[in-house]
Amino acid sequence: MQSLLLVNGTLISDESIKQEDILIVDGRIISTGRNLPGLPRETTIIDAGGKYIIPGGIDPHVHFALPTPAGPSCDDFRSGSLAAAAGGTTCIMDFVTPMPGQNLIEALAIRRQEAESSLLPYKLHAGITWYDDSIPAQMQRCAEEEGIASFKAYLAYKGSIGIEYHELEKVMRAAAALNAIVLVHCEEGDLILKKQQEFVADGKTSPLYHALSRPPEAEASAVKKVTDLCRKTGCRTYIVHTSAAESLQYIREAKAEGLPLYCETCPQYLLLDESVYREPLPGSLKYVISPPIRSREDREALWLALRDGTVDVVATDHCPFNTFGQKDRGADNFTLIPNGAGGVEHRLALLYTYGVLSKRISLQQFVKLTSANAAKIYGLFPEKGSLLPGSAADLVLLDPDYTSVISANNGMQQCDSDIYEGMPISGKFTVVETPSL
């Protein structure tokens, strides 16, 4: 029997803040309190004085080793999980992205092989990247035989992995029957494609036009239609990487109505603004992500939505590509730039520094946004995202006195650039090592 006692720390959960000790036996939380009685023999004691004890972070939106014409995203499951753990994230959720026409079960098997190198527990969402009448049966098999309880659909990327609204409705009806959840990338694919073609024809090809081809209304319009489908189908629905103020208003209204709708955003939308696209090449290349980084007004609306509960989860959409050798392939045509940026290593520190320490959110909201809410939405609670007795001892120590500056030169992420380069951060997140985890 392996026993570990953390003493003198402050336990932060989504429900409470307590000055208590926490006893772990064989990788599971046994009890919390002061001067705990009946400790097992040879209990290892860790003094957590001056530190917070929080549930391990859950990032439900990463893309490790994502294949693209410019090559795969920089982090595979091994390097990505190392980076995640270095930043206090102990569980990640990635995606199966079938090729058009590829069977979901076949694509899932391949993706699981790729994920074997992960050093962290992981879950997979199954992407619905094409549709015919066989998809509902494939979804059922994923749910009933393969343990997949979440599916993702893209309304952007027409001509590759994007699907149509009438197809999404069928996916949502099938998911509702399975008590599964559907994640949706909400952007109007047809509008974006039209704007892209117009800009390129006019010789407007810099990264700025990536952002202008995907205006806030392209997201908000799709969000409104998806909330309508949520109401129509009763499907549990999760809007990924929300970036626009107008989108938030539709989501807020839908939640007030009681719809089973969840909202995610990412640090890049909370901390950056659209001025990054006016940086000279090659610097502006690294900010080409979808949806693009928005205005300061959108950014402030997102912080408000974190505080009032409209946003449930802060994930990362971690999908970095090297500026040189990958993103620069589109230096003369923004449509050829692979979309994505990193962040899995910095998520907790960024939200702690610019959320908690800036008094935009509380410590308990911090835990909800980085761990507990994702655990509840995806059926991992109370095993994860919790400090309750009986839960897995999936814990992180937060040292609030530590400070650093983000740099691509000293991070664990495998990329030649970082969209948060030079940003000061506070807090060091250390995963608590337990023998049975």
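**View 1. Strand β4, residues 21-25, is mostly covered in this predicted model**. Of its 5 residues, 5 are buried, meaning under 20% relative accessible area with a 1.4 Å probe and protein chains only. Strands here are DSSP runs of E with at least two residues, numbered from the N terminus. Asp-21, Leu-23 and Val-25 point one way from β4, while Ile-22 and Ile-24 point the other way. Residues are numbered from 1 along each chain as its sequence is written. Local features need pLDDT of at least 70, side-chain atom pairs count only at pLDDT 80 or more, totals for chains, interfaces and linings use all residues, and side-chain values use heavy atoms, with hydrogens and water left out.

**View 2. β4 pairs with β1 and with β5**. Two strands pair if DSSP finds at least two bridges between them. Strand β1 (residues 3-7) runs antiparallel to β4 and is joined to it by 4 bridges; here Leu-4 has Ile-24 as its bridge partner. With β5 (residues 28-33), also antiparallel, there are 5 bridges, and Thr-32 stands opposite Ile-22. The β4 and β5 hairpin has 2 residues between its strands, and Asp-26 in the turn shows a positive phi of about 50 degrees.

**View 3. Arg-236 is buried yet has no salt bridge**. Arg-236 sits in strand β13 (residues 236-239), and the nearest side chain of opposite charge, Asp-312, is 10 Å away. A polar atom of the Arg-236 side chain does lie 2.6 Å from the backbone oxygen of Ile-377.

Notes: Buried < 20%, exposed > 50% of the residue type's maximum accessible area, 1.4 Å probe, protein only. Lys, Arg positive; Asp, Glu negative; His and termini not counted. Salt bridge = Lys/Arg side-chain N within 4 Å of Asp/Glu carboxyl O. Polar contact = N/O pair within 3.5 Å; in protein donor to acceptor, adjacent residues only side chain to side chain.
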